[in-house]
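Thanks for coming, everyone. Please have the viewer open. I will keep this short.

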Amino acid sequence: MNGTDIRAGRLDAVQIADNYRALQPPLDEMQAIQEAARCLFCFDAPCTEACPTCIDIPGFIRRISTGNVRGAAVTILEENIMGGTCASVCPVEELCEAVCVKNTAEEKPVEIGRLQDYATASLFERGIQPFTRASSTGRHVAVVGAGPAGLACAHRLAMLGHEVTVIEARDKPGGLNEYGLAAYKMLGDRAAREVEFILGIGGIEIRKGFALGRDVSLDALREVYDAVFLGLGHNAVNALGLDGEDASGVSNAVDYIERIRQEDPSGLPVGRRVVVIGGGNTAIDIAVQVKKLGAEYVTLVYRRGEADMGATDHEQEVAQTNGVLIKNWAQPVRILADGGAVRGVEFEYTEYDAQHRLRGTGETFALEADQVFKAIGQHFEPTGFADSEAPALERGRIAVDAQRRTSLAGVWAGGDCVAGADLTVVAVQDGKLAAHSIHEFLTGAPDG
Ligand SMILES: Cc1cc2nc3c(=O)[nH]c(=O)nc-3n(C[C@H](O)[C@H](O)[C@H](O)COP(=O)(O)OP(=O)(O)OC[C@H]3O[C@@H](n4cnc5c(N)ncnc54)[C@H](O)[C@@H]3O)c2cc1C
Ligand code: SF4
């Protein structure tokens, strides 16, 4: 194998910007009205049932069809305050659009995601703040984490008349909307503008660079505030546990994805031959993004079959149409390094045994690589609860009930730090449900 070939500037900034355009262009007014006209406005609409935040989908589509775009946006944002982001990042092909009655052999589903994007973008462009706060309840809630779960909770609490202080460890709010979602889904400063819109309701203060467990304890928050919501997300990355994992050129996909979002992508070092290990959406996101930065050969290797991949069919298709080669049924056994720098990965073929357990076949092969990304998942570690009474965990995450109450009195939790699908839309719903439960706890009233 040859020496490593990893460098910045494989493509110039103009080419990269062009590659990072949205996967689908936004709908214009005429296209939106035409697409809205395809909706049958179903009674007991299956699309609404499939939406984790229960958006009245036929309701907002009808408003678009009658030219009431502001009303459509409000219908969306009432249920999902991050409806703008979710329009671009939700796996609609597995949720609302999968069950649309128009989804038949002859017809395609109504493009709900693009219609949602059309309505919310129009409201944001016009700088409209459609929400107002209820009169003050005099209660004050601490929200830990300014990701989708925390911000959704904070917004709903503010709407219901509570004061909210959000404690955020990082310098910028937004969580993975700011640091993790693929740059071709979250164009420009969209995440920051959405946070601004959320804070525009008033009554929410964010303390940035302030961490639970380091700067304040959970016990102290419970003492000072009337209720606490934990929206901590995942805070640890799974390791491969292989020899050579610390070689230069080997890194965690999420760290590099963060750099693409936060730095000038044309200045990032990219390998000519890139290997991605993993089969979820993070693996697809890194593979597609390094291809867009100019990597020549990108191979994504996953240890099980295509149907077992965490990445949706749509995401797999996006990878393939961007020139990523997906190789199934192989697991990494060794990172191959030379002089401390990665030069390849040795894999072993895999198969299921009679009990459907994955096993190596003993046959190996090697892929040359100048850069290797580990994308084998993230998890939650309860490190923020040192010196405090900690909430009970369930399979490594914070245990919650249907109202997102934890085992500790006055403490709620939601998003990736609790069990459930790790999706933006699910985190938003958790935050919203927790806010209503907190409101009921603080005021005795089930709603505003
Ligand atoms: C690479 C990647 C791509 C993804 N792509 C998609 C996608 O396309 N579509 C989709 O629906 N979902 C996607 N997801 C999943 C989605 O981003 C998450 O499910 C969602 O962000 C979870 O929201 P959250 O608020 O629970 O956590 P996060 O977004 O992680 O936010 C948690 C916040 O808490 C803060 N925090 C953590 N610990 C502390 C502490 N001790 N003190 C103070 N603050 C703290 C963090 O800094 C962070 O701001 C992706 C995830 C990744 C990693
Ligand atoms: S299922 Fe499809 S056709 Fe029916 S209301 Fe939803 S989007 Fe419209």
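What you see is a predicted model.

Let's start with ligand 1. How many residues surround it? The count is 33, and the closest are Val89, Glu168, Lys185, Leu212 and Asp416. By class, this shell splits into 17 nonpolar, ten polar and six charged residues.

Now the backbone. For Pro148 the distance to an oxygen atom of ligand 1 is 3.2 Å. For Gly231 it is 3.3 Å. For Asp422 it is 3.5 Å. How much of ligand 1 does the protein cover? On its own, ligand 1 has 1000 Å² of accessible area, and the protein covers 91% of that.

Which elements build the shell? Those giving two or more residues are helix 9 (148–159), strand 3 (163–168), helix 13 (253–262), helix 14 (281–292) and helix 16 (424–443). Pro148, one of the backbone contacts, falls in the range of helix 9. Glu168, one of the closest residues, falls in the range of strand 3.

Next, an open space. Turn to the second largest pocket. It holds about 1200 Å³ of space. Its lining has 41 residues, and Ala87, Ser88, Asp117, Lys185 and Arg190 are the closest to its centre. Look again at Lys185.

Helix 8 gives the most, with eight residues. As for class, the lining has 19 nonpolar, nine polar and 13 charged residues. Keep that charged count in mind for what comes next.

Rolling a probe the size of a water molecule over the atoms shows where empty space is left. In this model, a search of the whole structure finds three cavities of 30 Å³ or more. I will take two of them.

The largest cavity has a volume of about 120 Å³. It is lined by 16 residues, and those nearest its centre are Cys51, Cys90, Val92, Cys96 and Gln116. Helix 6 (83–89) and helix 8 (112–125) are the elements that give two or more residues to this lining. Helix 8 gives the most here, with three residues. Helix 8 also gives the most to the lining of the second largest pocket. What about charge? In the lining of the largest cavity there are twelve nonpolar, four polar and no charged residues.

On to the second largest cavity. Its volume is about 100 Å³. Its lining has 15 residues, with Cys39, Cys42, Cys47, Cys100 and Val110 nearest the centre. Helix 3 (46–50) and helix 4 (57–65) are the elements that each put two or more residues into this lining. The largest share comes from helix 4, with three residues. The classes here are 14 nonpolar, no polar and one charged.

Last stop, the loops. Again, one general point. Most residues other than glycine have a negative phi. Two residues here go the other way.

Take Cys54. Phi of Cys54 is near 60°, a positive value. Where is Cys54? Cys54 sits in the loop between helix 3 and helix 4. Those two helices also contribute to the lining of the second largest cavity. Cys54 counts as partly exposed because its relative accessible area is 41%.

Now Trp329. Its phi is also positive, near 60°. Trp329 lies in the loop between strand 11 (324–328) and strand 12 (330–338). With 29% relative accessibility, Trp329 is partly exposed.

Finally, Gly377. Find Gly377 in the loop between strand 15 (371–374) and strand 16 (378–379). Is Gly377 buried or partly exposed? Its relative accessibility is 22%, so Gly377 counts as partly exposed; buried would need a value under 20%. And look across to Leu240. Gly377 and Leu240 are 137 residues apart along the chain, yet their C-alpha atoms are separated by 10 Å.

That is the tour. Thank you.

How values were computed: Residues numbered from 1 in each chain as written. Chains lettered and ligands numbered in written order. Predicted model: local features only at pLDDT ≥ 70, side-chain atom pairs only at ≥ 80, totals over all residues. Heavy atoms only, no water. 1 Å grid on protein atoms, 1.4 Å probe; cavity = no way out; pocket = protein on both sides within 12 Å on 5 of 7 lines; lining within 4 Å. Points joined across faces, edges and corners; volume = space filled by probe spheres on them. Helix = DSSP H or I, 4+ residues; strand = E, 2+ residues; numbered from the N terminus. Nonpolar A, V, L, I, M, F, W, Y, C, P; charged D, E, K, R; others polar. Near = heavy atom within 4 Å. Polar contact = N/O pair within 3.5 Å; in protein donor to acceptor, adjacent residues only side chain to side chain. Areas by Shrake-Rupley, 256 points an atom, 1.4 Å probe, with all protein chains shown as cover. Buried < 20%, exposed > 50% of the residue type's maximum accessible area, 1.4 Å probe, protein only.
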